[in-house]
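Here is a short briefing on one protein chain. Look at the structure first, then read the points below.

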Amino acid sequence: MPKHTHKLLLVLSIALVTSGCGILYKQPIYQGNLLEKANVDQLQTGMSKQQVTLLLGTPSVEDPFHHDRWDYTATQRTNRRGTTEKKNLTVWFENDAVVKWEGDYFPEQDEQLARQTVKQFGRNLPKEKGKKGGR
């Protein structure tokens, strides 16, 4: 066999062996609600659904069978094996007022991720050039 064929076979063999064993880079994936610790710390019993929405945003899961329960769910996959970690903060309401909340979230990672996202990708909406003031 020619020398080039040996090199090609070697490269293809290495690529085939390493592709399935997790040596290759896998990009971290974050999904769900990014909750800031300062906002979660401000939750109080008696708050209305509107106040909770302004504080934490819309819930990732609104159970159609339990209107008095909101779930703020987030997942993250950061390692090479693809293991996913899930966190869930649940807020319960009675008569449209908060009665309790429990669960966990990624407070340090959410704050850090929010800062990194703006640095990596910029703001969501571009600024309009040449536009002054309102309408």
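A residue is called buried under 20% relative accessible area, exposed over 50%, and partly exposed in between, using a 1.4 Å probe and protein chains only. The model is predicted, so local features need pLDDT of at least 70 and side-chain atom pairs count only at pLDDT 80 or more, while totals for chains, interfaces and linings use all residues. Residues are numbered from 1 along each chain as its sequence is written, and side-chain values use heavy atoms, with hydrogens and water left out.

**The chain as a whole**

- The chain contains four helices and five strands; helices (H or I, at least four residues) and strands (E, at least two) are DSSP runs, numbered from the N terminus.
- Starting at the N terminus, the order of elements is α-β-α-α-β-β-β-β-α.
- The chain has 135 residues, and 21% of them count as buried.
- Its accessible surface is about 10,800 Å², with 53% belonging to carbon and sulfur atoms; the areas come from the Shrake-Rupley method with a 1.4 Å probe, and for residues only the protein chains shown count as cover.

**Asn33**

- Asn33 lies in the loop between β1 (29-32) and α2 (37-41).
- Asn33 is buried, because its relative accessible area is 13%.
- The side chain of Asn33 reaches the backbone oxygen of Thr58 at 2.9 Å.

**Salt bridges**

- Side chains of opposite charge can pair when their charged atoms come close.
- A salt bridge is a side-chain nitrogen of Lys or Arg within 4 Å of a carboxyl oxygen of Asp or Glu, and by this rule the count is five.
- One of them joins the side chains of Asp96 and Lys49, at 3.4 Å from N to O.
- This pair links distant parts of the chain, 47 residues apart: Asp96 is in the loop between β4 (85-94) and β5 (97-103), and Lys49 is in helix α3 (residues 49-56).
- Asp96 is partly exposed because its relative accessible area is 46%, whereas Lys49, at 19%, is buried.

**A salt-bridge network**

- Glu85, Lys87 and Asp104 are linked in a network of salt bridges.
- In the Glu85 and Lys87 pair, the closest N and O atoms are 3.6 Å apart.
- In the Lys87 and Asp104 pair, the closest N and O atoms are 3.8 Å apart.
- Lys87 in strand β4 and Asp104 in the loop between β5 and α4 (107-121) are 17 residues apart, so this pair links distant parts of the chain.
- Lys87 is buried, with a relative accessible area of 17%.
- Glu85 is partly exposed at 36% relative accessibility, and Asp104 is partly exposed at 36%.

Terms used:
Polar contact = N/O pair within 3.5 Å; in protein donor to acceptor, adjacent residues only side chain to side chain.
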